[in-house]
Amino acid sequence: MTAPKAPQPKAPMARLDRLLANLGYGSRREVSALVARGQVVLDGAVVKDAGARLAITPDLPARMTISRQPLDPPAPLTLLMHKPLGVVCSHREAGRSVYELLPQRWRARMPGLSSIGRLDKETSGLLLVTDDGPFLHRVISPKNHVEKVYLATLDRPLDGSEAEAFAAGTLMLEGEKEPLAPAVLEPIGLKNARLIITEGRYHQVRRMFAAVGNHVVGLHRERIGGLALPGDLEPGAWRILTRDEQAAIFS
Ligand code: URA
C-alpha cells in the first residue's frame with residue numbers, strides 16, 4: 001500500500017500586474033503596458049488581462065515568459081553566494097555591494113532581498129541572501145545555535161591559550177555587557193585557525209582575536225550550519241538555494 005500524500009500548502013494567489021511589479025518589472029502601469037503589448041506568455045498563450053489572478057507556484061518561471069525570458073523566481077527566494085573580498089553587505093554602506101552582483105531588476109523586488117547576517121568588506125565566503133523573513137530569523141537567532149564556521153589568518157602565531165579562552169563562555173568583547181557563548185577553535189597552522197561560533201555579533205571573529213591579543217589579517221566563511229560553501233562556486237558567483245540545502249542548514 002502506498003503512503004498517503006502529505007497535503008501540499010495552498011499556493012498564494014496574486015494579480016499578474018502586482019506580481020510583476022513586485023518582481024521589479026516596472027510600475028503597475030508599466031507592467032500593464034507589457035501585458036497589452038503581448039509580452040507576457042503563460043503556458044504558451046499570451047496573457048491579455050493584467051488583472052488576472054494567478055497561483056504563485058514554484059514552477060511559474062518554467063511556465064511564464066516576459067519578453068521571451070523566463071519569469072524571475074517569485075518570493076520566497078533565497079540565494080547562496082560566494083561573497084568576494086572588497087564588496088559590502090549593507091544596502092546603505094558606501095562602495096560596491098553584494099546586491100550589485102545580482103540582476104539589476106532584483107534591486108526593485110518587494111519584499112526586498114537582504115543578506116542573512118553580514119560579512120565585512122574584507123571577509124569572503126558563504127553568504128545567504130533572502131527575502132524570506134522567518135527563514136532569516138531562524139538562521140540568525142542565537143536560540144537556534146546555527147554554527148558559522150570561519151577560517152582566520154592571523155598576524156601573529158597562536159600562543160595555545162586561545163581555544164580555552166574561546167570555549168569558556170566568559171570572554172567579553174570590548175564595549176559589550178554579555179559574555180560570548182562558547183566557541184570552538186581548531187588550530188590549523190601557526191597563524192591559521194578554524195573558528196566555530198553560534199552568534200553573529202558585530203565583527204565578532206576579528207574582535208575575538210583582538211580580545212586575546214592577536215589580529216585577523218584574512219577571514220573566510222566556509223560553512224553555515226550543515227551547509228558548506230560549494231567548492232565550484234567562484235568568488236562573486238551565486239545561485240538559488242535548493243530546498244535540501246535550506247534544510248541542511250539546520251541538520
Ligand atoms: N566576524 C567578523 O569579524 N567579520 C565577519 O565578516 C564575520 C564574522
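Before we start on the strands: two of them count as paired if DSSP finds at least two bridges between them. Keep in mind, too, that this is a predicted model.

Let's begin with strand E9, which covers residues 123–130. Is E9 mostly covered or mostly open? It's mostly covered: 8 of its 8 residues are buried, where buried means under 20% relative accessible area.

Strand E7, residues 78–83, pairs with E9 in the antiparallel sense, and 6 bridges hold that pairing in the count. Across it, leucine 80 stands opposite leucine 128 in E9. Strand E8 (residues 114–115) also runs antiparallel to E9, joined by 2 bridges. Here serine 115 is the residue opposite valine 129 in E9.

Then there's strand E13, residues 216–224, which pairs with E9 in the parallel sense over 3 bridges. Threonine 123 has leucine 219 in E13 as its bridge partner.

**Around the ligand**

| Residue | Atom of the residue | Atom of the ligand | Distance |
|---|---|---|---|
| Threonine 123 | polar side-chain atom | oxygen | 2.9 Å |
| Histidine 203 | backbone N or O atom | oxygen | 3.1 Å |
| Valine 205 | polar backbone atom | nitrogen | 3.0 Å |

How much of the ligand does the protein bury? Taken alone, the ligand exposes 240 Å², and the protein buries 96% of that. As for the spot itself, the space taken by the ligand is the second largest pocket.

**Off to a loop**

Last stop: glycine 38, which lies in the loop between helix H2 (28–36) and strand E2 (40–42). Why does glycine 38 count as partly exposed? Because its relative accessible area is 26%, and partly exposed runs between the 20% limit for buried and the 50% limit for exposed.

Glycine 38 also gives us a sense of distance. Leucine 173 is 135 residues apart from glycine 38 along the chain, and the C-alpha atoms of the two are separated by 59 Å.

Conventions:
Residues numbered from 1 in each chain as written. Predicted model: local features only at pLDDT ≥ 70, side-chain atom pairs only at ≥ 80, totals over all residues. Heavy atoms only, no water. Buried < 20%, exposed > 50% of the residue type's maximum accessible area, 1.4 Å probe, protein only. Helix = DSSP H or I, 4+ residues; strand = E, 2+ residues; numbered from the N terminus. Polar contact = N/O pair within 3.5 Å; in protein donor to acceptor, adjacent residues only side chain to side chain. Areas by Shrake-Rupley, 256 points an atom, 1.4 Å probe, with all protein chains shown as cover. 1 Å grid on protein atoms, 1.4 Å probe; cavity = no way out; pocket = protein on both sides within 12 Å on 5 of 7 lines; lining within 4 Å. Sits in = over half its atoms within 2 Å of the grid points.
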